[in-house]
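My entries follow in the order I made them.

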Amino acid sequence: MHTATQMDTTTTGTVRMRTDSESSFTETSLKNSPHTPPLIQLMWLASPALPIGGFSYSEGLEAAIDKGLVHDEHSACIWLLNQLHHSQARGDMAVLAQMVVAWQANDRVRLAELSQWVHATRETAELRLQSEQMGRSMLEWLRNQNTVDAESVGLCNALVPTYPLTFALALSLTGAPLDQCLQTYAFGWAENMVQAALKSVPLGQNSGQRILLAMSQNISKAVAQALATKDETRQVFSPMLAILSAQHETQYSRLFRS
């Protein structure tokens, strides 16, 4: 029985013979899977390895450390929990949930309304730049994955992409329940913020894991609050956070872009 072979040159210069069966398997494995389970898609979106630049922002935390408001594990944990419930849950998580529904219904008018709200509620220049940079990167990632159509890309560009808008688009494509979509966003945000705390307070890894545990235990409550929030109650009124973010723009020494 004859097995066809072909040359295979590795990066080290070594040449070996590769059979047709090996070649066929390699070519097949390099192709996109026809269906990625929703859970894996959500894990992917929550991963800190997602190339959208989230690791480079502290969202005012670094300024709070500079002012002495955050200085150890306990104060960092309280700060992030307050931000989760008072800023994220009633603001970005709430609008994110509404955007996911709008994307699934292809409601362009609703998406335009929600996108305008996101732009209007970025209270400082660096928070606006963060939202827009991560939005562009998220949209580019979706394009590279070949999971988004040209019409959706065009709409995002027309509205000026922001992170809530494009992340909601990614979530809408997973087919996952809405509460799990928000849990994914919240955990990804929490993990990035804990990493920012580790670098800037600074804290040890065990401290970081304890903070992440506390935040994880609060995510379900934050998700429930976000899902119950309507247009008339959605807000991002966090004046201390806004002031610290504005001060961070001219902070003498900093690691993060916000």
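**Entry 1: Trp 117**

I started with Trp 117, which I found in helix 5, residues 108-120. I note that the model is a predicted one. Is Trp 117 buried or exposed? Its relative accessible area is 16%, and the limit for buried is under 20%, so I logged Trp 117 as buried.

I then listed what Trp 117 touches, leaving out residues up to four places away in sequence. The list reads Gly 91, Asp 92, Val 95, Arg 122, Arg 234, Gln 235 and Val 236.

Where does Arg 234 lie relative to Trp 117? I found Arg 234 over the face of the ring, 4.4 Å from the ring centre.

**Entry 2: aromatic pairs**

I counted the aromatic pairs and got four in the structure. I wrote up two of them.

For Trp 44 and Trp 141, I have ring centres 5.4 Å apart and planes at 85°. Trp 44 belongs to helix 2 (residues 38-46) and Trp 141 to helix 6 (residues 125-144), so the pair ties together parts 97 residues apart in sequence. I checked accessibility for both partners: Trp 44 is partly exposed at 41%, while Trp 141 is buried at 12%.

For Tyr 163 and Tyr 185, the centres are 6.2 Å apart and the planes stand at 40°, so I recorded the pair as tilted. Tyr 163 is in helix 8 (residues 163-172) and Tyr 185 in helix 9 (residues 178-200), so here the parts tied together are 22 residues apart in sequence. Both tyrosines are buried. I also noted that Tyr 163 and Tyr 185 form one aromatic cluster with Phe 167.

**Entry 3: Thr 162**

I moved to Thr 162, in the loop between helix 7 (150-159) and helix 8. I recorded a relative accessible area of 1%, so Thr 162 is buried. Which residues does Thr 162 contact beyond its neighbours within four places in sequence? I found Val 118, His 119, Ser 131, Glu 132 and Gly 135.

**Entry 4: the nonpolar core**

I looked up the largest nonpolar core, which has 73 residues; Leu 61 and Met 138 touch the most other members. Helix 4 (residues 73-105) gives the largest share of this core, 16 residues.

I followed up Leu 61. Setting aside neighbours within four places in sequence, I found Leu 61 in contact with Val 70, Trp 79, Leu 80, Met 193, Ala 196 and Ala 197.

**Entry 5: the cavity**

How many cavities of 30 Å³ or more does the structure hold? I found one. I logged a volume of about 580 Å³ for the largest cavity. Its lining has 36 residues, and those nearest its centre are Glu 59, Gln 88, Asp 92, Gln 130 and Trp 189. I listed the elements that give two or more residues to this lining: helix 2, helix 4, helix 6, helix 8, helix 9 and helix 11 (239-248). Helix 9 gives the largest share, seven residues.

I cross-checked Asp 92 against my first entry: it is among the residues that Trp 117 touches, and it is also one of those nearest the cavity centre.

Terms used: Residues are numbered from 1 along each chain as its sequence is written. This is a predicted model: local features need pLDDT of at least 70, side-chain atom pairs count only at pLDDT 80 or more; totals for chains, interfaces and linings use all residues. Side-chain values use heavy atoms; hydrogens and water are left out. Helices (H or I, at least four residues) and strands (E, at least two) are DSSP runs, numbered from the N terminus. Buried means under 20% relative accessible area, exposed over 50%, partly exposed in between (1.4 Å probe, protein chains only). Contact means heavy atoms within 4.5 Å. A nonpolar core is a set of buried Ala, Val, Leu, Ile, Met, Phe, Trp, Tyr and Cys residues joined through side-chain atoms within 4.5 Å. Rings of Phe, Tyr and Trp (its six-membered ring) pair if their centres lie within 6.5 Å; planes under 30 degrees apart count as stacked, over 60 as edge-to-face and the rest as tilted. A charge sits over a ring if NZ of Lys or CZ of Arg is within 6 Å of the ring centre and within 35 degrees of the ring normal. On a 1 Å grid over the protein atoms alone, a cavity is a set of points where a 1.4 Å probe fits but cannot get out, and a pocket is an open set with protein on both sides within 12 Å along at least five of seven lines; lining residues have an atom within 4 Å of a point. Grid points are joined across faces, edges and corners, and a volume is the space filled by probe spheres set on the points.
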